[in-house]
Amino acid sequence: MAKGIKLILILFLISLSSAKVTVSKHDKLEWMNMDELNVKKKSESKPVLIDLYTNWCYWCKVMDKKTYNNSKVVSYISEHFYPVKFDAESKEVIKWKNIDYNYNETYKVNDFTLYITNGQPGFPTTVIVPDEKSDPIAIAGFLEPKELEPILKYFGEGAYKKQDYSTFKSTFKTTW
């Protein structure tokens, strides 16, 4: 009897060690840079979500860990947005809508940062660009998943084309 249990246990352990682990493509956000975005958005039209951060920003790191690692946030952004991670202090030349943005010595940030935040940079900032014709919409500060959910769904599902955000939010039920 003991040999039978031992054999079953060994076979079970062998089957576990040989089992393939399947990982969903939505387990982690696949952030892209601006160059990758410029190529991707030519093939399919989706809203753009830009995570504007700096390396020294504590709340940026918390948002990465707590919000951008939340499985529901990851899944939704992956499906409905082009996610871009952008270092506000980047010294690279950024091309956006045929304009080159350079590092600004006076403000110690890239001019693209000033453009997408309407001249009011703060970190972290979540920037949504709903479509090619829209201006960037900057939402400054740390956002919990439940705070980010209505924003994502407002733009990700195209509600912004039909109603203003306050009307949308007044009937929205958070599920995250």
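How many aromatic pairs does the count come to by this rule: ring centres of Phe, Tyr and Trp (its six-membered ring) within 6.5 Å? The count comes to 17 aromatic pairs.

A word on the basis: this is a predicted model, with local features needing pLDDT of at least 70, side-chain atom pairs counting only at pLDDT 80 or more, and totals for chains, interfaces and linings using all residues. Residues are numbered from 1 along each chain as its sequence is written, and side-chain values use heavy atoms, with hydrogens and water left out.

1. Start with Trp59 and Phe142, a tilted pair at 5.3 Å centre to centre and 50° between the planes (under 30 degrees would be stacked, over 60 edge-to-face, the rest tilted). Trp59 is in helix α3 (residues 58-66) and Phe142 in the loop between β8 (137-140) and α6 (145-156), so the pair ties together parts 83 residues apart in sequence. Helices (H or I, at least four residues) and strands (E, at least two) are DSSP runs, numbered from the N terminus.

2. Trp96 and Phe112 are both buried. Have a look at Lys41 too: its charged end sits over the ring of Trp96, 4.0 Å from the centre (the cut-offs are NZ of Lys or CZ of Arg within 6 Å of the ring centre and within 35 degrees of the ring normal).

3. On to helix α4 (residues 71-80), where Val73, Val74, Tyr76 and Ile77 are buried. The buried residues of α4 pack against β1 (48-53), β2 (82-87) and α6.

4. The largest nonpolar core has 21 residues, and Leu49, Ile77, Leu152 and Phe155 are among those with the most contacts inside it (a core being buried Ala, Val, Leu, Ile, Met, Phe, Trp, Tyr and Cys residues joined through side-chain atoms within 4.5 Å). Its largest share, 5 residues, comes from α6. Beyond its neighbours within four places in sequence, Leu152 is in contact with residues including Val73, Tyr76, Ile77 and Trp176 (heavy atoms within 4.5 Å).

Conventions. Buried means under 20% relative accessible area, exposed over 50%, partly exposed in between (1.4 Å probe, protein chains only).
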